[in-house]
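Dear colleague,

Please find below the structure that I am handing over to you.

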Amino acid sequence: MPKRPNSVEELNLTHAILQRIPKGRTVTASELRQQLADAGINRDLRTLQRQLDMLSENYDIDRDDSSKPYRYKWKEFAKGLSLVGLSPQESLLLTLAEQHLNSLLPAKLMKSMQGFFTQARSQLGDKSSTKREREWLEKVRVVSTTQPLLPPKIDPLVFEQVSNALYANQWLEVDYKNAAGKRTETRVMPLGLAQQGQRMYLVCRFDGYDNERSLALNRIISAKVSTLTFERPKDFDLKQYDDDGRFGYGNGQHIKLSFRIDKDAGLHLLESPLSLDQRVVELDDAYEITATVVDSEMLEWWLRGFGDSVSMVTKN
């Protein structure tokens with residue numbers, strides 16, 4: 001016989017359900033079951049249905065039983081459970097996290113947090129007590145340092161499969177089309193996820209190889225998590241991969257870069273150096289810059305972007 005849940009487990013389940021019932025929209029028992037499973041709480045559907053029926057009788061929860069599956073939500077006048085425990089500052093933090101970490105957190109984690117994000121937005125919508133917190137959302141912004149571009153479209157199912165495989169150290173079956181239009185169906189070992197501007201990249205190793213490659217997520221046509229797991233390679237470090245210029249199409253080779261740049265174009269390099277060992281010689285109308293950097297195509301693009309303002313470029 002299955003073990004009967006004790007009172008503490010029942011209390012924790014009740015609390016978890018109440019936190020995930022939304023206000024302003026509805027949710028089904030099946031949807032709640034998936035959210036709870038993503039958070040590591042596994043219960044059968046019938047148990048959740050009984051809990052929801054009980055809660056709708058004892059809390060300000062609407063149950064729409066006009067058709068199946070039944071749908072649940074907090075009543076308009078109800079504050080909900082987690083609103084009581086969320087301060088305006090915590091609601092602000094959750095709202096900012098939802099906006100800026102959406103593509104960098106595992107899809108399962110984001111799904112399991114949807115109830116909290118909904119409650120936080122609702123809390124900030126309460127004009128009686130959170131004016132300053134609401135205003136803060138209009139006072140901060142992440143701005144682009146290049147010409148703004150719309151992000152390429154990524155299949156939500158692909159992102160979910162990729163992030164789940166990365167989170168659980170599971171092999172990933174992908175159908176990928178590269179920039180030249182060549183399609184490849186293969187199995188990869190997901191090692192890291194990186195956002196570069198508006199683009200997302202999966203760092204991985206192809207099955208049978210020990211070198212890393214970066215796949216643009218928008219070029220993955222389909223992805224499926226394998227049941228096979230792997231041990232994450234101890235010799236791989238995502239930060240080192242980035243430091244080696246791999247996202248800038250480099251191979252990790254460090255060089256001593258020297259160039260001359262007009263003062264108007266190069267003033268920002270005095271405030272934001274290229275490297276810790278950067279040296280600057282000031283001339284009448286220009287700066288001579290010397291710094292140790294990673295050689296990459298991105299470096300070439302960056303230098304060419306200054307046009308005639310940069311001259312006398314040498315690499316050693």
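Tyr249 is partly exposed, with a relative accessible area of 46%. Here, buried means under 20% relative accessible area, exposed means over 50%, and partly exposed lies in between, with a 1.4 Å probe and protein chains only. Tyr249 is located in the loop between helix H10 (238-243) and strand S9 (250-262). Helices (H or I, at least four residues) and strands (E, at least two) are DSSP runs, numbered from the N terminus.

Please note that this is a predicted model, in which local features need pLDDT of at least 70 and side-chain atom pairs count only at pLDDT 80 or more, while totals for chains, interfaces and linings use all residues. Residues are numbered from 1 along each chain as its sequence is written, and side-chain values use heavy atoms, with hydrogens and water left out.

Overall form

The chain has 13 helices and 12 strands. Its radius of gyration is 26 Å, well over the 20 Å that the globule rule gives for 316 residues, so the chain is more spread out than a compact globule. This radius is taken over C-alpha atoms, and the globule rule is 2.2 Å times the number of residues to the power 0.38. The C-alpha trace spans about 80 × 55 × 35 Å along its principal axes. Of the 316 residues, 37% count as buried.

Surface patches

Tyr249 belongs to a nonpolar surface patch with Met298 and Trp301, and together they have about 320 Å² of accessible area. Patches are made of residues with over 30% relative accessible area and no salt bridge; like charges are joined within 9 Å, and nonpolar side chains (Val, Leu, Ile, Met, Phe, Trp, Tyr) within 5 Å. Accessible areas come from the Shrake-Rupley method with a 1.4 Å probe, and for residues only the protein chains shown count as cover.

A negative surface patch is made up of Asp262, Asp264, Asp284, Asp285 and Asp308. For charges, Lys and Arg count as positive and Asp and Glu as negative, whereas His and the chain ends are not counted. The place of a charge is taken as NZ of Lys, CZ of Arg, CG of Asp or CD of Glu.

Salt bridges

A salt bridge is a side-chain nitrogen of Lys or Arg within 4 Å of a carboxyl oxygen of Asp or Glu. By this rule the count comes to 15 salt bridges.

One of them joins the side chains of Lys256 and Asp277 (3.4 Å, N to O). This pair links distant parts of the chain, 21 residues apart: Lys256 is in strand S9, and Asp277 is in the loop between helix H12 (268-271) and S10. Lys256 is partly exposed, with a relative accessible area of 34%, and Asp277 also counts as partly exposed, at 34% relative accessibility.

Another salt bridge is formed by Glu288 and Arg260, whose closest N and O atoms are 2.3 Å apart. Glu288 lies in strand S11 and Arg260 in strand S9, so the pair ties together parts that are 28 residues apart in sequence. Glu288 is partly exposed at 29% relative accessibility, as is Arg260, with a relative accessible area of 26%.

In a further salt bridge, between Glu282 and Lys263, the closest N and O atoms are 2.8 Å apart. This pair also links distant parts of the chain, with Glu282 in strand S10 and Lys263 in helix H11 (residues 263-266), 19 residues apart. Glu282 is exposed, with a relative accessible area of 55%, whereas Lys263 is partly exposed, with 22%.

Backbone details

A cis peptide bond, with omega about 0 degrees, joins Lys68 and Pro69. Pro69 is in the loop between strand S2 (61-64) and strand S3 (71-74).

Asn169 has a phi near 55 degrees, a positive value in a residue other than glycine. Asn169 is in the loop between helix H9 (156-168) and strand S4 (170-177). Met312 likewise has a positive phi, near 55 degrees; Met312 lies in strand S12 (residues 310-315) and is exposed, with a relative accessible area of 55%.

Yours sincerely,
A colleague
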